[in-house]
Amino acid sequence: MIIEKIETYILKDTLSKSFFFSQWEYTERCICVVKVTTSDGYYGWGEGYGPASVLEAGINFLKPIVLNKNPLENEVIWSEMYRKTLDFARRGILVASMSAIDIALWDLKGKILKLPVSLLLGGVQRNKIRPYATGLYFSDRNNPSKDFDEEAANYVSQGFKAIKMKVGLGIDLDFKHVKRMREVIGDDIQLMVDSNHAYSLGEAIALAKKIEPFNISWFEEPISPEFYEQYNELRNKTIIPIAGGECEYLRFGFHQLLKNKSVDIIQPDICASGGLTEAKRIAALASTYGVDVIPHTWGTSIGIHVALHFISNLEAIPGRMMAPDFLIEYDQTENVLREKLTYPSLVIKDGMIEVPTGPGLGIDVNEDILKKYSISRS
Ligand code: MG
């Protein structure tokens, strides 16, 4: 059996209502997914994180490396993709294109062997993962937090035990928002903040000090991902755990974050940082530094399922009988491709998501939705 076909689809949906964060405004969702098919008719799906048209070009570049290979040798294929892109793209979008193919190969391997990806990764350490709600984006330029109260109360009523809100509009406004959200959700729900690298070191320290009394579980991307040492300085000046890594690539990039003691939590996006093959290595590396791994997720339900299988297999360090729940990021902003692209749908029961047990990622793509939202195919 050989890999016979690699198809990419760019899926686009215009949002009914735009929203923004510290860097720019979202008016649409546009995501590149990939389907890898074998000579025996088996197929697997993958997804990349980043600008869809560039991802697609990257996948087209990688196609000749992957075609005609044995689909079970996914690690060998990964090495060849890496070796042939290393000279031009040690980080960035070509790695995301590799990631999409790598994920499709894991799904494919599971479908061929009739085993879930979690088992292929080495087994299920936990079959239920606790989702945290990513939301509280800004809805109105004149009144950015207009919908915050209602949105936060809605997450609590849905059973979420952890909520991540956006900051990065300025220290005084952020402080006001964080204070209000703690009042709305009460003391029993975890609250995290994410500035998407909006701040200088001095500003990040100032904001961290001001919001320390609100029991913040982590401060995500407080400063630019380029400043590894500054992250360490910030960590030493606040009791709030520091998180980052959604803009980082490969184990080599994460090693910079780890060896500089930049963060308490790394957040690799599996659809960008090298796929599942590399995510496993990144997690092994993080374990040697005693740093937690909570992947970043953003795109379609394919990416969420990849993270579910990966987290189910993560080793708990330190281990103990009454271990805390492992978290998965569960974006709550408008995204039809997260809701409808694959089936069966994710179910939250008693505040937890069960890890699927079907072959591969345990899902299939809804061809009608794929057709409806495809704006290009190659
Ligand atoms: Mg983030």
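Ala52 is found in helix H1, which covers residues 52-66. The model described here is predicted. Ala52 is buried, with a relative accessible area of 5%. That value falls under the 20% limit for a buried residue.

What does Ala52 touch, once residues up to four places away in sequence are not counted? Its contacts are Ile10, Cys30, Ile31 and Cys32. Leu11 gives another view of the fold around Ala52. Ala52 and Leu11 are 41 residues apart in sequence. Their C-alpha atoms are 8.3 Å apart in space.

## The magnesium site

Three protein residues are donors of the magnesium ion: Asp194 (OD), Glu220 (OE) and Glu246 (OE). Along the chain, the donors follow the spacing D-x25-E-x25-E. Asp194 sits in strand E6 (residues 190-194), and Glu220 sits in strand E7 (residues 216-220). This pair is 26 residues apart and links distant parts of the chain. Are Asp194 and Glu220 buried or exposed? Both are buried.

His197 lies in the loop between E6 and helix H7 (201-211). Glu221 lies in the loop between E7 and helix H8 (228-235).

## Nonpolar cores

The largest nonpolar core has 79 residues. Which of them touch the most other members? They are Val33, Val178, Phe219, Ile266, Ile302 and Phe310. Helix H11 (residues 301-313) gives the most to this core, with seven residues.

Ile302 deserves a separate look. Leave aside its neighbours within four places in sequence, and Ile302 is in contact with Val33, Trp45, Gly46 and Glu47, among others. Its contacts also include Leu341, Thr342, Leu361, Ile363 and Val365.

## H3 against H10

Two packed helices are described by the angle between their axes and the distance between the axes. Helix H3 spans residues 93-113, and helix H10 spans residues 275-289. Their axes come within 6 Å and cross at roughly 95°. That makes H3 roughly perpendicular to H10.

Which residues meet? From H3 come Ser99, Asp102, Ile103 and Trp106. From H10 come Gly275, Leu276 and Thr277. The residues of this contact divide into three nonpolar, three polar and one charged.

Arg130 has its place in strand E4 (residues 128-134). Arg130 is buried, with a relative accessible area of 16%. Not counting residues up to four places away in sequence, Arg130 touches Lys161, Asp325, Phe326, Leu327 and Ile328, among others. Asp350, Gly351 and Met352 are also among the contacts of Arg130.

Pro356 is placed in the loop between strand E14 (352-354) and strand E15 (364-365). Is Pro356 buried or exposed? At 16% relative accessibility, Pro356 counts as buried. Leaving aside neighbours within four places in sequence, Pro356 is in contact with Pro116, His305, Leu308, His309, Leu361 and Gly362. Pro356 and Lys111 are 245 residues apart along the chain. Their C-alpha atoms are separated by 13 Å.

## Backbone exceptions

Most residues other than glycine have a negative phi, and most peptide bonds are trans. Some residues here depart from each pattern.

Phi of His197 is near 50°, a positive value in a residue other than glycine. His197 is partly exposed, with a relative accessible area of 27%. Glu221 is not a glycine either, and its phi is positive at about 40°. How accessible is Glu221, in relative terms? The value is 1%, so Glu221 counts as buried.

Now the cis peptide bonds. One joins Ile317 and Pro318, with omega at about 0°. Pro318 is found in the loop between H11 and strand E11 (327-331). Another cis peptide bond joins Tyr343 and Pro344, where omega is about -5°. Pro344 is found in the loop between strand E12 (342-343) and strand E13 (348-349).

Conventions
Residues are numbered from 1 along each chain as its sequence is written. This is a predicted model: local features need pLDDT of at least 70, side-chain atom pairs count only at pLDDT 80 or more; totals for chains, interfaces and linings use all residues. Side-chain values use heavy atoms; hydrogens and water are left out. Axes are lines fitted to C-alpha atoms, for helices over the stretch in contact, and angles run from 0 to 180 degrees between N-to-C directions. Helices (H or I, at least four residues) and strands (E, at least two) are DSSP runs, numbered from the N terminus. Angles under 35 degrees count as roughly parallel, over 145 as roughly antiparallel, 65 to 115 as roughly perpendicular and the rest as oblique. Contact means heavy atoms within 4.5 Å. Ala, Val, Leu, Ile, Met, Phe, Trp, Tyr, Cys and Pro count as nonpolar, Asp, Glu, Lys and Arg as charged, and the others, Gly among them, as polar. Donors are N, O and S atoms within 2.8 Å of the metal (3.2 Å for Na, K and Ca); water is not among the atoms, so sites may look incomplete. Buried means under 20% relative accessible area, exposed over 50%, partly exposed in between (1.4 Å probe, protein chains only). A nonpolar core is a set of buried Ala, Val, Leu, Ile, Met, Phe, Trp, Tyr and Cys residues joined through side-chain atoms within 4.5 Å.
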